[in-house]
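Let's take a walk through this fold together, helix by helix and then into the sheet. Have a look at the model before reading on.

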Amino acid sequence: MAGIGIISNPHSKLNRRNPQRSAYLSYIAGKQGHVAVTHSLDEMEDVARSFRNQEISILAINGGDGTISHTLSVFSRIYPHKELPHIAVLRGGNMNVLAQNLGIKGTPEQVLYRLIEKHSTQPELSYIRKQSLMIDGKVGFLFANGTPAAFLEKFYENKTGALGAAWLISKVVLSRFFWRPFYLSIVSHHDSTIAIDDHIPFRQATISVLISTLPHMPMGPKLFPDMEHVQQGAQFISYSTGPLEASILIPWDAFLRPSKTSRIKTRLVGKTFSIQNDKPVLYTLDGEIYTPKSPQVTIDLGPTFSFVAL
C-alpha cells in the first residue's frame, strides 16, 4: 500500500498558534507518511510533483478551506484527474466548512492519528466523493459574490475567529440603523445577468449569488440540500432584495428556512454558470477573496475528489 503525503500550511491561523504542529504530525505519521511544509504555491507545485513520483495513495491537507482549495488546484494541474490521490482533510482551519460537510471532527493530530490507524490496519478505506467547482483554474466547493465576499474581506482585517465573526455580523446589522455608510459598504446589490447551462439568461438585482457542491454553509445551515443527492452538478442560489431589507430578510431565509423557496431567493441546479455584472464584483471561493479581471465570471464543474471518511 503506497504511503501518505501530508501538506501543512504554516500560515494558517491555527498553525501559527501552534508552530510545532508540523513536527507533531510528522511524529504521528512515522514511516507511513511524509510531511511537507509549503510556504508558497511554487513550493506546493514542487511537492505535488514529488508526491506524484512517489505514487502516494493519500494526500492529507493540514490547513483551512483556503489551503485545501489552493492545494487541490495545484494537484489538479500536476496530476491527470483520473490519477489524483485520495484526499484526507485534517481540519486545520478556523471554519473547516469542507470538514464539517464530510463529518470530520477533532484536531489535526487526532484526525491524522485516525487516518494512520485505518491506513495501517484496514485493507479498504471508506471514501466520500465530492464534485468541485472550477473558476479560472481555481478549484473549490463554495462560491459567493457580493455581500459575503465584502463581509469576509472586512473580517480578514482582524481574523478574530468565530466570536469576531459573530460580532461583525451584529455590527453590520446595527449599522443599518446607526452607521449606514458602513452598512452599504458591505451590503449592496448588483445588476446581474445570469446564464445557467443552456437556459435563457435572466437579469436580477442580486445581493449575492452563491453556488455550492456542499449541502452546508459555514455555521451550519443546510442552504444547498440538493447537494446531498446530486452527483454531477452544483446548486445555485441568488438573493434578490433591496440592501436595507437584506439585513432582516436574508438571515431569516438562510437560517430559518434554508431549503425553502421564497420570493427573495432563486434556487436552481446546473453545471455551468455565467454571471455578468456591470463592473467586476468581488467574490470568494472557499473563503479566499478574489477580484475578477472582468465583469463576467464563469463557474464550471471541476474534478470529483475522493475524500477519506474519517
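H7 crosses H8 in a right-handed way; right-handed here says that the near helix is turned clockwise from the far one by less than a right angle, and left-handed that it is turned anticlockwise. Helices are DSSP runs of H or I with at least four residues, strands are runs of E with at least two, and both are numbered from the N terminus. The axes of H7 and helix H8 (residues 161–178) come within 11 Å and cross at roughly 120°, which makes H7 oblique to H8. Axes are lines fitted to C-alpha atoms, for helices over the stretch in contact, with angles running from 0 to 180 degrees between N-to-C directions. Angles under 35 degrees are roughly parallel, over 145 roughly antiparallel, 65 to 115 roughly perpendicular, and the rest oblique.

This is a predicted model, in which local features need pLDDT of at least 70 and side-chain atom pairs count only at pLDDT 80 or more, while totals for chains, interfaces and linings use all residues. Residues are numbered from 1 along each chain as its sequence is written, and side-chain values use heavy atoms, leaving out hydrogens and water.

Which residues bring H7 and H8 together? From H7 come Phe151, Lys154 and Phe155, which meet Gly161, Gly164, Ala165, Leu168, Ile169 and Val172 in H8; contact means heavy atoms within 4.5 Å.

H7 (residues 147–155) also lies across strands S7 (142–145), S10 (208–212), S14 (283–285) and S15, running at about 95° to S7. These strands lead us to the sheet. Six strands make up an open sheet, ordered S12-S11-S10-S7-S14-S15, with antiparallel pairing; two strands pair if DSSP finds at least two bridges between them. Strands S12 (265–270) and S15 (288–290) stand at the edges with a single partner strand each, so one side of each has no neighbour in the sheet. On average, neighbouring strands of this sheet are turned by 15° against each other, direction ignored.

Stepping back, the protein has ten helices and 16 strands. Its C-alpha trace spans about 60 × 45 × 35 Å along its principal axes.
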